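Visitor: I would like to know how the labels put on a structure follow from the numbers behind them. Please take me through one example.

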Amino acid sequence: IGQRDRTAIGKNTIPEDVRKTLGNYPQLGRDTQKKILNSKLVELDNVGHLPHIEAFDRFIKPLLDFLSK
């Protein structure tokens, strides 16, 4: 998960207090990883919503490692 990802479709159409809670993918990723047995979260610093484009070299190795298991 890109640690700068704050994507939330329609975020600009909701009240400010709710808006602050949306799109925190770093936290959502950690919360989700805890709920999926034997899962591994790969956090990519200084990367946003498109890790496969923004940081391909850092994205592809963990993906290929996963696929080879």
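Visitor: What percentage of the residues of the chain count as buried, and what makes a residue buried?

Guide: In this predicted model, 16% of the 69 residues of the chain count as buried. A residue gets that label when its relative accessible area is under 20%.

Visitor: How do you know whether the chain is a compact globule in its radius of gyration?

Guide: For 69 residues, a compact globule would have a radius of gyration near 11 Å, whereas the chain has 14 Å. The C-alpha trace spans about 45 × 30 × 15 Å along its principal axes.

Visitor: Which elements make up the chain?

Guide: The chain has 4 helices and 0 strands. Read from the N terminus, the order is α-α-α-α.

Visitor: What share of the contacts is between residues 24 or more positions apart?

Guide: Among contacts with a separation of 6 or more, 41% are between residues 24 or more positions apart.

Visitor: What makes E54 and R4 a salt bridge?

Guide: The N to O distance between their side chains is 3.2 Å. The cut-off is 4 Å between a side-chain nitrogen of Lys or Arg and a carboxyl oxygen of Asp or Glu, so E54 and R4 qualify as a salt bridge. In general, side chains of opposite charge can pair when their charged atoms come close.

Visitor: How many salt bridges does the structure hold, and which lie within a helix?

Guide: The structure holds 4 salt bridges. Among them are R19 with E16, at 2.8 Å from N to O, and D65 with K61, at 2.9 Å from N to O. R19 and E16 both lie in helix α1, 3 residues apart, about one turn of the helix. D65 and K61 both lie in helix α4, 4 residues apart, again about one turn.

Visitor: Why are R19, E16 and D65 called partly exposed?

Guide: R19 is at 25% relative accessibility, E16 at 42% and D65 at 33%. The label applies between 20% and 50%, so R19, E16 and D65 count as partly exposed.

Visitor: What makes up the lining of the largest pocket?

Guide: The largest pocket holds about 540 Å³ of space. It is lined by 20 residues, of which K40, V42, P62, L63 and F66 are the closest to its centre. By class, the lining has 10 nonpolar, 5 polar and 5 charged residues. Helix α4 (residues 56-67) gives the largest share, 6 residues.

How values were computed
Residues numbered from 1 in each chain as written. Predicted model: local features only at pLDDT ≥ 70, side-chain atom pairs only at ≥ 80, totals over all residues. Heavy atoms only, no water. 1 Å grid on protein atoms, 1.4 Å probe; cavity = no way out; pocket = protein on both sides within 12 Å on 5 of 7 lines; lining within 4 Å. Points joined across faces, edges and corners; volume = space filled by probe spheres on them. Helix = DSSP H or I, 4+ residues; strand = E, 2+ residues; numbered from the N terminus. Nonpolar A, V, L, I, M, F, W, Y, C, P; charged D, E, K, R; others polar. Buried < 20%, exposed > 50% of the residue type's maximum accessible area, 1.4 Å probe, protein only. Rg over C-alpha atoms; globule rule 2.2 N^0.38 Å. Contact = heavy atoms within 4.5 Å.
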